[in-house]
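Subject: Structure handover

Hello,

Here is the structure I said I would pass on. Please open it alongside this email, as my notes follow below.

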Amino acid sequence: MIDNLMEKIVSLCKRRGFVFPSSEIYGGLQGFYDFGPLGVEMKNNLKRLWWDWMTKEHSNIVGIDGAIITNPKVWEASGHVKNFVDPLVECKKCHHRFKADDIDGDKCPDCNGHLTEPKIFNILVPTQLGVIEGEKMNTYLRGEACQTIYLNYKNVLNTSRLKIPFGVCQIGKAFRNEVTPGNFLFRQREFEQCDLQWFCHPNEMEKWFEYWKSERMKWFKSIFTHPENLSFYKHEKLAHYAKKAFDVEYAVSPVGKEMEGIHWRGDWDLSRHSEFSGQDLSYTDLEAGEKFIPNIVETSGGVDRMFLFLLLDAYTEEEDRIILKLDPRLTPYKAAVFPLLANKPKLVERAKEIYDNLQKYFSVAWDDRGNIGKRYYSQDEIGTPFCITVDFDSLEDNTVTVRDRDTAKQERIKISDLSDRIKSVL
Ligand code: GAP
């Protein structure tokens with residue numbers, strides 16, 4: 001493991017415009033971050049990969065985009081008002097606070113002081129709707145994105161031709177009053193989840209649980225630089241809704257490891273929403289002449305944690321250069337275009353033409369500062385797979401030098417072949 005890897009990633013994120021502390025000019029706000037120009041490109045690429053894999057590489061999966069604020073009864077039915085709690089302990093000596101679940105023994109991990117008895121805190125984020133005092137409605141920002149999928153399960157069924165088994169997926173924000181936010185993007189108070197809720201017959205739960213566990217691991221392995229760093233963790237202590245749960249972990253993380261939960265939710269959610277709303281949420285199988293509450297397998301991932309672990313996994317130091325060896329499908333830029341010399345108008349004009357053409361199809365960087373070596377290093381650090389240099393020969397023979405991020409090898413390529421070369425790694 002590289003020394004101080006986490007600090008290096010936080011610094012790279014700030015320096016190169018991936019992630020900034022939120023409201024920084026006012027001293028920031030603990031547990032909140034903003035994604036900068038490069039970060040938003042990478043995060044969008046990650047979400048697009050996930051979405052396409054879910055909806056295009058699997059049949060019977062559709063998406064929704066639900067509201068962040070719902071009727072407050074949703075959170076009573078879901079069990080969150082009663083059960084979404086974190087027991088917290090405080091050190092009597094240094095006053096640092098910890099989640100009781102993270103502590104082994106009864107001493108403070110920072111100063112060995114005595115800890116208080118655990119106190120229970122509900123971590124839903126409350127909010128109020130309405131403008132007239134005394135008439136305001138108390139509700140919550142959603143504590144997990146998946147609830148809006150259960151609320152729309154009947155709407156999706158009624159407006160599509162889907163039959164069980166089928167899935168509904170969603171990417172969206174969730175909010176938690178985490179008592180110990182920290183470790184950069186790992187534990188935030190506002191974060192993004194990418195969820196699949198798979199609705200199936202109760203007798204088929206075992207089969208689908210194993211199927212999704214294996215599918216999700218395959219997907220993660222296909223996007224990480226070092227797939228051997230991924231593993232499963234089996235939960236012994238289960239959430240209020242779960243009968244069985246595994247986490248996909250980034251096993252070598254210097255902070256927490258959990259990236260995604262694969263949960264056996266059974267009929268908990270639809271039964272509770274049926275009970276609290278008074279609506280019949282059962283499913284009728286006309287062919288089998290059977291009526292039942294569908295059971296649910298959930299895969300619930302944290303987009304921000306994936307983002308952080310992908311960066312940790314891709315960060316490489318080779319002599320004096322830093323390389324982000326990210327899968328090219330995830331990198332903010334797919335290529336960078338340089339005129340060899342910034343003060344030769346013919347070179348700049350030709351390079352600009354190439355940049356403009358590629359930019360129509362890919363996200364491309366432009367750099368004409370400093371020497372070529374520095375430009376390479378600057379692109380390596382943000383993961384750009386190809387650097388394209390336009391030189392005097394380019395004006396004669398319509399070829400350019402393409403330099404590969406990982407091997408640093410250079411090859412001469414026809415300008416007309418550039419698009420295909422980039423596409424070949426996406
Ligand atoms: N619907 C199920 C659910 O929300 P969870 O295990 O609480 O399950 C799913 O959350 C994923 O959301 C986690 O595996 C993690 O990646 C991400 N996540 C949870 N809390 C987070 C936080 N405070 N900051 C960033 N990501 C978080």
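At roughly what angle do the axes of helix α1 and helix α9 cross? Before the answer, please keep in mind that this is a predicted model.

The two helices

Two packed helices are described by the angle between their axes and the distance between the axes. Helix α1 covers residues 5-16 and helix α9 covers residues 303-314; their axes cross at roughly 110° and come within 10 Å. Angles of 65 to 115 degrees count as roughly perpendicular, so α1 is roughly perpendicular to α9. The crossing of these helices is right-handed. On the α1 side, the contact is made by L5, M6, I9 and C13, and on the α9 side by L308, L311 and L312. Sorted by class, the contact of α1 with α9 has 7 nonpolar residues, with no polar and no charged ones.

The chain as a whole

The chain has 426 residues, and buried residues make up 50% of them. It contains 13 helices and 23 strands. Taken along the principal axes, the C-alpha atoms fill a box of roughly 75 × 65 × 50 Å. Of the contacts with a separation of 6 or more, 65% are between residues 24 or more positions apart.

Two residues to look up

Start with S394, which lies in helix α12 (residues 392-397). Is S394 buried or exposed? Its relative accessible area is 0%, and buried means under 20%, so S394 is buried. Not counting residues up to four places away in sequence, S394 touches T389, T399, V400 and R412.

Then go to Y283, which lies in strand β14 (residues 283-285). Y283 is buried too, with a relative accessible area of 8%. Which residues is Y283 in contact with, leaving aside its neighbours within four places in sequence? They are Y153, L157, K163, I164, E290, K291, F292 and P294. For I164, the backbone nitrogen lies 3.0 Å from a polar atom of the Y283 side chain. As for L49, this residue is 234 residues from Y283 in sequence, and the two are 31 Å apart in space, C-alpha to C-alpha.

Regards

Technical notes:
Residues numbered from 1 in each chain as written. Predicted model: local features only at pLDDT ≥ 70, side-chain atom pairs only at ≥ 80, totals over all residues. Heavy atoms only, no water. Axes fitted to C-alpha atoms, helices over the stretch in contact; angles between N-to-C directions. Helix = DSSP H or I, 4+ residues; strand = E, 2+ residues; numbered from the N terminus. Parallel < 35°, antiparallel > 145°, perpendicular 65-115°, else oblique. Left-handed = near helix turned anticlockwise from the far one by under 90°. Contact = heavy atoms within 4.5 Å. Nonpolar A, V, L, I, M, F, W, Y, C, P; charged D, E, K, R; others polar. Buried < 20%, exposed > 50% of the residue type's maximum accessible area, 1.4 Å probe, protein only. Polar contact = N/O pair within 3.5 Å; in protein donor to acceptor, adjacent residues only side chain to side chain.
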